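Trainee: I want to go through the labels on this model and ask what stands behind each one. Can we start?

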Amino acid sequence: MTILPGSTRVALTMAVLFVSPGAGTRPTEIPVASRFRTHTIATGLDGGYHVVIADLNGDGRPDVIALASGLSELRWYQNPTWEPHVLVAGIHDPINAAVFDTDGDGIPEIALAHEFSNVYPESRGLVSILTHDGDPARPWSMREIDRLPTSHRLRFADVDGTGRKVLVNAPLIGPRAVAPDYRDRVPVVIYRPGRWARETVTNDEEGVVHGILPAAWEDDAGRESLLVAGFLGVHVLRFDGRRWSRTAVVDGNPEPWPRSGSSEVALGHLGRERFIATIEPWHGNEVVVYRQRGSGWVRHVIDAAIADGHTLVAGDFDADGRDDLVAGERAGRRSVYLYHSVDAEHDTWSKDLLDDGGMAAAGCAVADLNGDGKPDVACIGTATANLRWYENVR
């Protein structure tokens, strides 16, 4: 366990008032094998990238969708035997998926972003809706609804507060963006189920947009807002029933562009206090926690030693009222880490190894997979090409 040497305060006006901790910050690693049991669901998932948890057959058990960019099919694994089923075949370069029951039949539809490339002219950016044909274990039908190059992050969100969620699409980059700077504006758009027509939320994001999280934010009266992470830091997009607003929340990594901003974003609580967590910068080495103090947010680097950080989720795994963080690294040690708030008053976090070298996690999700009332974790790996779930046995 290590007490961090400093912090950075970031006001809502994005002014940085203190210097962040040095790059050598590393919390103590604590074995976590006694608290989680590892189960392998599948291997051979070339380019494993994204995992989604949802009940796909209406039996009350959450199933797992495994999206692997190197495969030409999208698969789901049926809980509890983890029997694989093919949703669709003949696809290319799938990159993201989201689920919601748009027609109220008890089985969710699946939104899929595919034919992705991070080179804009080479990306068709297809967005399709998958619907079951009566038997969810058999292949689903697929309908294309849009083509928006570099479509990269799909999420369903209740932006109206009505329970009728819309599909959010955040492309990675804009049409004139070229590596390494990626200087261009990036749109964020939505589609309303039924019509599935593209509506622009904002064109004000810039650079690389990598993370998007639907979440209740302040006095949203039942609505979900969108936390968007990219080269400009984290912004919140809010819909008031008539129009969208965009507000800066935190600046992210203080280094110059293109190492500025944030890559992943999660939202958690330490008791009644809300915090924001990020990976910084893009595909970065830092896990960062922001805590609100007055009108601003204080930046705490709780780990600066991960390699190619690519997923970040929150969950209260020990039922102590404080959310833990799960972060994956695709390079380096190819591991998954669990961060726990040891002392909220002094911003002390521990770092545990959830998976030591066996999971180059590109995507993780949190859900109670075995129905015991405790949240579990499922992750998919890129270089390791595998899908695992980590059973919470605390």
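Mentor: Start with Trp217 and Trp297. Both are buried. This is a predicted model.

Trainee: Why is the pair of Trp217 and Trp297 called stacked?

Mentor: Set the values against the cut-offs. The ring centres are 6.2 Å apart, and rings pair if their centres lie within 6.5 Å. The planes stand at 20°, and planes under 30 degrees apart count as stacked. So the pair of Trp217 and Trp297 is stacked.

Trainee: What makes this a link between distant parts of the chain?

Mentor: Trp217 is in the loop between strand S16 (209–215) and strand S17 (225–230). Trp297 is in strand S23 (residues 296–303).

Trainee: How do you know which kind of pair Phe275 and Trp349 form?

Mentor: Use the angle. The planes of Phe275 and Trp349 have 75° between them, and over 60 counts as edge-to-face. The centre-to-centre distance is 5.8 Å, with pairing set at within 6.5 Å. So Phe275 and Trp349 are an edge-to-face pair.

Trainee: Why does that pair tie together separate parts of the sequence?

Mentor: Phe275 lies in strand S21 (residues 273–280) and Trp349 in strand S27 (residues 348–355), so the parts tied together are 74 residues apart in sequence.

Trainee: Are Phe275 and Trp349 buried or exposed?

Mentor: Buried means under 20% relative accessible area. Phe275 is at 0%, so Phe275 counts as buried. Trp349 is at 3%, so Trp349 counts as buried too.

Trainee: How many aromatic pairs does a search of the whole structure find?

Mentor: Nine. Ring pairs also link a cluster: Tyr182, Phe231, Trp257 and Trp282.

Trainee: What makes you say that a charge sits over the ring of Trp257?

Mentor: The charged end of Arg183 is 4.0 Å from the ring centre of Trp257. The limit is within 6 Å of the ring centre and within 35 degrees of the ring normal. Arg183 is listed as sitting over the ring. Lys351 is another case: its charged end sits over the ring of Tyr337, 4.1 Å from the centre.

Trainee: Now the sheets. How do you know that S5 and S6 pair?

Mentor: Count bridges. At least two are needed. Strand S5 (residues 63–68) and strand S6 (residues 73–78) have three, and run antiparallel. Ile65 has Trp76 as its bridge partner in S6. A hairpin of four residues joins S5 to S6.

Trainee: What about S6 and S7?

Mentor: Six bridges join S6 to strand S7 (residues 83–89), again in the antiparallel sense. Glu73 has Ala89 as its bridge partner in S7. Their hairpin has four residues between the strands, and Trp82 there takes a positive phi near 65°.

Trainee: Why do S4 and S7 stand at the edges?

Mentor: The open sheet runs in the order S4-S5-S6-S7, with antiparallel pairing. Strand S4 (48–54) and S7 each have a single partner strand, so one side of each is left without a neighbour in the sheet. The twist averages 25° from one strand to the next.

Technical notes:
Residues are numbered from 1 along each chain as its sequence is written. This is a predicted model: local features need pLDDT of at least 70, side-chain atom pairs count only at pLDDT 80 or more; totals for chains, interfaces and linings use all residues. Side-chain values use heavy atoms; hydrogens and water are left out. Helices (H or I, at least four residues) and strands (E, at least two) are DSSP runs, numbered from the N terminus. Axes are lines fitted to C-alpha atoms, for helices over the stretch in contact, and angles run from 0 to 180 degrees between N-to-C directions. Rings of Phe, Tyr and Trp (its six-membered ring) pair if their centres lie within 6.5 Å; planes under 30 degrees apart count as stacked, over 60 as edge-to-face and the rest as tilted. Buried means under 20% relative accessible area, exposed over 50%, partly exposed in between (1.4 Å probe, protein chains only).
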